[in-house]
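Please examine the structure shown below before reading the briefing that follows.

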Amino acid sequence: MIDDSSFTVTRPRVWTSGVIMCSPHSGRDYPGWFLRESILDPLALRSSEDAFMDDLARPAADAGAVLLCARMPRALVDLNRGPSEIDPAAVAVGGAAAGRRVNARTMAGLGVIPRIVGQGRAIRAHLITHDEAQRRIALWWRPYHSALRGLIAEAQSRFGHAIVLDLHSMPADAVSHMRPAAPQIVLGNRHGQSAGPEVTRHVEAAFREAGFRVRLNAPFSGAYIADAYGSPARNTHVVQVEIDRTLYLDEARIAPSENYPAFAALFAGILARLAAIRPAGALRIAAE
């Protein structure tokens, strides 16, 4: 295991087929200074986590995939946003407004330095400085993405392809309006731009055949990681996986629910299947 202040990397004994499972929103190492800076209590801050997704994903390493998990929480720095996605209502402009990328996510308070957590609750009562935002990005965002880029390059070198499964959880109310039956799993491939159809079908089949309701690209089609790294033409595939939190989590307490053990066992079987995905024409397994 590689352990950095921003992330952990867990390698399998044998890397089976170039699959990388990543969890950018499950970090829960809250620095004391950050807790003091916030106007929210720790439980409220945790509402933006993909809570326990790192624990649920741990069997992936036993199954032959590499596992990359965040340590720093999403409320501090969002690893699934670009470094220029800076919300002007969260970070003081200073002299560096020109490089900022303003989009619907940043204006909603969900930039790389988040302004809000779940239910639109403000994290701080004041803006942070541009220098402080850049410090957080340098300390925690850049190392995580350097590690992810390195793993993708290694997978390409060894297997001729890389497959990144970007693991997230979604609050039940994110899909409760969808009819006739809300999906339990939402897969995002940016409408075919971040992963090829064969890889996407493999991922979809693994969840459907385990009994879950699956939907593709609605309401989540993939964010920064899928956009920045997915390139089917170069045989690098990224599929974002959103899992309904009610399957395993007590959202009010941010604690495992009574369903957690059963879901974890089922999910471990899905991870084992996904760890062996290999696109058509892929190289044979590289020697360790």
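Accessible areas come from the Shrake-Rupley method with a 1.4 Å probe, and for residues only the protein chains shown count as cover. By this method the chain exposes about 11,900 Å², and carbon and sulfur atoms supply 54% of that area. This is a predicted model, in which local features need pLDDT of at least 70, side-chain atom pairs count only at pLDDT 80 or more, and totals for chains, interfaces and linings use all residues. Residues are numbered from 1 along each chain as its sequence is written, and side-chain values use heavy atoms, with hydrogens and water left out.

**Overall fold**

- The chain contains nine helices and 10 strands; helices (H or I, at least four residues) and strands (E, at least two) are DSSP runs numbered from the N terminus.
- The radius of gyration (taken over C-alpha atoms) is 18 Å, close to the 19 Å given for 288 residues by the globule rule (2.2 Å times the number of residues to the power 0.38), so the chain is as compact as a globular protein of that length.
- The C-alpha trace spans about 55 × 40 × 35 Å along its principal axes.

**Burial and contacts**

- Of the 288 residues in the chain, 55% are buried; buried means under 20% relative accessible area, exposed means over 50%, and partly exposed lies in between (1.4 Å probe, protein chains only).
- Among contacts (heavy atoms within 4.5 Å) with a separation of 6 or more, 81% join residues 24 or more positions apart.

**Salt bridges**

- The structure holds 21 salt bridges, each being a side-chain nitrogen of Lys or Arg within 4 Å of a carboxyl oxygen of Asp or Glu.
- One of them joins R124 and E37 at 3.6 Å, N to O.
- R124 lies in the loop between helix 5 (104-107) and helix 6 (130-159), and E37 lies in helix 1 (residues 32-37), so this pair ties together parts that are 87 residues apart in sequence.
- Both R124 and E37 are buried.
- Another salt bridge joins R115 and D87 at 2.5 Å, N to O.
- This pair links distant parts of the chain, 28 residues apart: R115 is in the loop between helix 5 and helix 6, and D87 is in the loop between strand 4 (66-70) and helix 5.
- R115 counts as partly exposed because its relative accessibility is 24%, whereas D87, at 2%, counts as buried.
- D250 and R253 also form a salt bridge, with their closest N and O atoms 2.9 Å apart.
- D250 is partly exposed at 24% relative accessibility, while R253 is exposed at 51%.
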